[in-house]
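Please work through the exercises below with the sequence and the model open side by side. Each task is followed by a solution that goes step by step.

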Amino acid sequence: MLKNKDLLGLKDCSAEEIYEILDTATEMKQLLLSEKKQSDLLAGKSLVTLFYENSTRTRSSFELAAKYLGASEVNISVATSSVQKGETLIDTGETLDAMKIDFIVIRHPMAGAPKLLAQHVKASVLNGGDGMHEHPTQALLDFYTMREKLGRLKGLKVAILGDIKHSRVAMSNLIGLRKLGAEVYMYAPATMIPKEIDKLGAHIAKSREEAVEGADAVMGLRIQLERQHGGLFPSLSEYSRYYGVNDAVLKYAKKDAIILHPGPVNRGVELTPQLIDGDKSFILEQVTNGVAVRMALLKLLAEYREKNL
């Protein structure tokens with residue numbers, strides 16, 4: 001059983017808890033792939049998605065996960081909510097709590113916002129991405145995909161290339177993979193590598209080839225232009241030429257290496273279209289696995305709430 005009412009980051013999760021989530025996701029994927037796609041596990045429960053930043057995959061994935069398990073789900077559009085009237089995050093949370101909401105999924109541009117919210121509500125808070133801090137459910141679905149396709153996580157070499165500095169996905173993957181016994185190699189322009197990330201266990205490669213050599217999984221990361229202020233690299237075409245992954249670079253990886261990406265993909269920038277659409281790519285299956293992982297989290301958090309709250 002999970003040890004907390006919230007999922008705020010993988011920094012707070014043990015390896016055992018991560019594996020419990022992944023094992024439960026296997027059960028949930030069977031339901032997801034069935035014709036029925038419906039359960040009453042969360043009948044009577046309610047989930048709210050509270051997104052202060054744009055999202056397609058994460059938000060809809062959580063909403064479908066709740067629906068498939070029988071919970072009611074509501075999306076709050078921040079652009080048309082009382083937030084625009086000056087309502088604080090804490091006030092918003094307490095208002096939702098008064099409506100007897102069981103789960104709140106939040107995405108926020110400020111790191112630490114999910115933790116602040118969790119401290120002021122009885123509902124279980126799930127971090128859908130906070131600033132440049134963490135995106136735990138994305139990392140969990142990445143782990144699930146790796147284990148499903150490669151059979152294990154311990155001992156894997158995972159290469160992560162792209163906008164690491166602005167990527168909460170990279171941070172959650174690094175934290176979680178290291179806990180599970182995998183090695184993480186990162187490569188990007190020096191301007192897009194966070195200072196001292198090596199102290200968290202990352203191997204900072206000096207070239208794409210070094211990062212990818214012998215890798216079991218190669219993950220591209222989106223260039224997050226909306227979080228940048230310019231000057232981090234000359235142009236998208238030059239970035240693709242010197243830092244993107246193509247067939248020639250992928251040849252350094254293991255023969256059965258898989259291609260991953262959290263999406264959305266800038267085609268021809270982080271990865272070539274041939275790799276995105278090729279038989280080594282599991283980018284779309286990551287989306288499917290994301291629903292299963294989020295179903296698993298809601299199920300496990302509901303069990304925690306039943307026994308502890």
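**Exercise 1.** In which loop is S281 found? Describe its surroundings as well.

*Solution.* Before starting, note that this is a predicted model, in which local features need pLDDT of at least 70 and side-chain atom pairs count only at pLDDT 80 or more, while totals for chains, interfaces and linings use all residues. Residues are numbered from 1 along each chain as its sequence is written, and side-chain values use heavy atoms, with hydrogens and water left out.

Step 1: S281 sits in the loop between α10 (273-276) and α11, where helices (H or I, at least four residues) and strands (E, at least two) are DSSP runs numbered from the N terminus.

Step 2: S281 has a relative accessible area of 14% and is therefore buried; buried means under 20% relative accessible area, exposed over 50% and partly exposed in between, with a 1.4 Å probe and protein chains only.

Step 3: Not counting residues up to four places away in sequence, S281 touches I259, L275 and I276, contact meaning heavy atoms within 4.5 Å. A polar atom of the S281 side chain lies 2.8 Å from the backbone oxygen of I276.

**Exercise 2.** Describe the second largest pocket and its lining.

*Solution.* Step 1: The second largest pocket has a volume of about 180 Å³. On a 1 Å grid over the protein atoms alone, a pocket is an open set of points with protein on both sides within 12 Å along at least five of seven lines, a cavity is a set where a 1.4 Å probe fits but cannot get out, and lining residues have an atom within 4 Å of a point. Grid points are joined across faces, edges and corners, and a volume is the space filled by probe spheres set on the points.

Step 2: This pocket is lined by 15 residues, of which V265, I276, S281, I283 and L284 are the closest to its centre.

Step 3: Helix α11 (residues 283-308) supplies the largest share of the lining of the second largest pocket, 4 residues.

**Exercise 3.** Which residues touch the most other members of the largest nonpolar core?

*Solution.* Step 1: A nonpolar core is a set of buried Ala, Val, Leu, Ile, Met, Phe, Trp, Tyr and Cys residues joined through side-chain atoms within 4.5 Å. The largest has 69 residues, and L140, F143, M146, M186, M295 and L298 touch the most other members.

Step 2: The helix α11 gives the most to this core, with 10 residues. Apart from it lies another core, of 18 residues, including V212, A215, A257 and I276.

Step 3: Leaving aside neighbours within four places in sequence, the contacts of M186 include I160, I164, A170 and L174.

**Exercise 4.** Where is R57 placed, and which residues are in contact with it?

*Solution.* Step 1: R57 belongs to helix α2 (residues 57-68), and it counts as partly exposed because its relative accessibility is 36%.

Step 2: With neighbours within four places in sequence left aside, R57 is in contact with P262, G263, P264, V287 and R294.

Step 3: G263 and P264 are joined by a cis peptide bond, with omega about -10 degrees, and P264 lies in the loop between β9 (258-260) and α10.

**Exercise 5.** Is K100 buried or exposed?

*Solution.* Step 1: K100 is found in the loop between α3 (89-98) and β3 (103-108), and its phi is near 65 degrees, a positive value in a residue other than glycine.

Step 2: K100 counts as exposed, because its relative accessibility is 64%.

Notes
Polar contact = N/O pair within 3.5 Å; in protein donor to acceptor, adjacent residues only side chain to side chain.
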